[in-house]
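Here is a friendly walk through one structure.

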Amino acid sequence: MEPGQTNEVVIALLAAGMLVAAFGYASVGHGGASAYLAAMALAGVAPQEMRPIALLLNVVVSAIATYKFHRAGHFRWRLFWPFAVVSIPLAFVGGAITLPGQAYKVLVGAVLLYAAWQLWRSGRAGDEMRPVRQPPIPWAMAIGAAMGLLAGLTGVGGGIFLSPLLLMLGWAGTKQTSAVAAPFILVNSIAGLAAGFAVKSASLPGHIWILAGAVLIGGWLGAEYGSRRFANPVVRRVLGVVLALAGGKMVLV
């Protein structure tokens with residue numbers, strides 16, 4: 001094949017894979033950056049292009065999920081703002097830093113795999129295994145700060161850190177977790193993307209609109225099903241699979 005033809009084939013395969021990934025991630029209120037990064041790494045996309053592409057696609061999908069879960073009545077402002085208010089500036093700071101070290105990726109991947117296992121087990125017990133209680137605001141802000149920095153450093157939005165914590169600590173039900181994770185990912189992805197353009201002079205390729213269109217379709221369908229039609233134990237297990245895939249990618253890639 002000619003080089004141009006090869007590139008077109010790769011872009012088409014990326015778009016198809018990202019559409020499927022966006023469906024799965026949006027169904028649990030996530031943006032899908034981990035899957036996009038993994039797909040681009042396999043496709044041989046230049047590292048300097050991967051992060052801004054993943055963050056932009058994250059913004060598209062998490063914005064859709066935010067709208068869908070909010071419209072379905074699952075969003076709770078009291079649960080969202082303590083995590084987000086500190087995470088946003090720290091996501092900007094993290095986005096301006098180049099993350100060193102394979103060891104950190106392995107550590108984060110191991111945490112995600114453990115969280116995925118916990119969520120898969122809890123899916124057998126139904127939606128709420130214990131009463132939901134409000135998180136203490138100082139704790140929520142401290143956790144939000146740490147997660148915002150991690151989101152900026154890793155370029156994945158932060159939902160993969162926030163969602164299992166909300167569920168395992170009994171601070172939210174499954175769909176409430178998705179409804180809070182989506183805007184959390186949205187604001188942190190915007191902050192990380194802004195840092196990339198302001199500090200690192202990031203750029204986007206011409207085919208970004210093809211990829212954005214693909215995740216727009218997948219994200220819309222996934223958020224519609226996740227916010228209204230999936231049974232809660234199914235959503236919890238889908239979230240566990242999503243986290244396992246993200247953790248495996250961080251450990252192995």
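## Glycine 24 in its helix

Glycine 24 is part of helix H1, which covers residues 3-26. Helices here are DSSP runs of H or I with at least four residues, and strands are runs of E with at least two, numbered from the N terminus. Before going further, note that this is a predicted model, where local features need pLDDT of at least 70 and side-chain atom pairs count only at pLDDT 80 or more, while totals for chains, interfaces and linings use all residues. Residues are numbered from 1 along each chain as its sequence is written, and side-chain values use heavy atoms, with hydrogens and water left out.

Which residues does glycine 24 touch, leaving aside its neighbours within four places in sequence? They are Val238 and Val242, with contact meaning heavy atoms within 4.5 Å. Glycine 24 also sits 8.0 Å from glycine 219, C-alpha to C-alpha, though 195 residues separate the two in sequence.

## H4 against H6

Helix H4 (residues 77-95) and helix H6 (residues 137-154) have axes that come within 6 Å and cross at roughly 35 degrees. Axes are lines fitted to C-alpha atoms, for helices over the stretch in contact, and angles run from 0 to 180 degrees between N-to-C directions. The crossing of H4 past H6 is right-handed; that word applies if the near helix is turned clockwise from the far one by less than a right angle, and left-handed if anticlockwise.

On the H4 side, the contact includes Arg78, Trp81 and Phe83, while H6 brings in residues including Ile137, Met141 and Leu149. Sorted by class, this contact has 15 nonpolar, six polar and one charged residues. Ala, Val, Leu, Ile, Met, Phe, Trp, Tyr, Cys and Pro count as nonpolar, Asp, Glu, Lys and Arg as charged, and the others, Gly among them, as polar.

## H7 and its two partners

The axes of H6 and H7 come within 9 Å and cross at roughly 150 degrees. That makes H6 roughly antiparallel to H7, a label for angles over 145 degrees. Here Ile143, Met147, Leu150 and Thr154 of H6 meet Phe161, Leu162 and Leu165 of H7. That contact has six nonpolar, one polar and no charged residues.

H7 also packs with helix H8 (residues 174-199), at an angle of about 155 degrees and with the axes 9 Å apart. So H7 is roughly antiparallel to H8 as well. Among the residues making this contact are Gly159 and Leu166 of H7 and Phe184 and Ile185 of H8.

## A cavity to look for

How many cavities of 30 Å³ or more does a search of the whole structure find? It finds two. A cavity is a set of points on a 1 Å grid over the protein atoms alone where a 1.4 Å probe fits but cannot get out, and lining residues have an atom within 4 Å of a point.

The lining of the second largest cavity includes Tyr25, His30, Asn58, Gly159 and Ile185. Helix H2 (33-43) and helix H7 (159-168) are the elements that give two or more residues to that lining. The lining residues divide into five nonpolar, six polar and no charged.

Conventions. On a 1 Å grid over the protein atoms alone, a cavity is a set of points where a 1.4 Å probe fits but cannot get out, and a pocket is an open set with protein on both sides within 12 Å along at least five of seven lines; lining residues have an atom within 4 Å of a point. Grid points are joined across faces, edges and corners, and a volume is the space filled by probe spheres set on the points. Angles under 35 degrees count as roughly parallel, over 145 as roughly antiparallel, 65 to 115 as roughly perpendicular and the rest as oblique.
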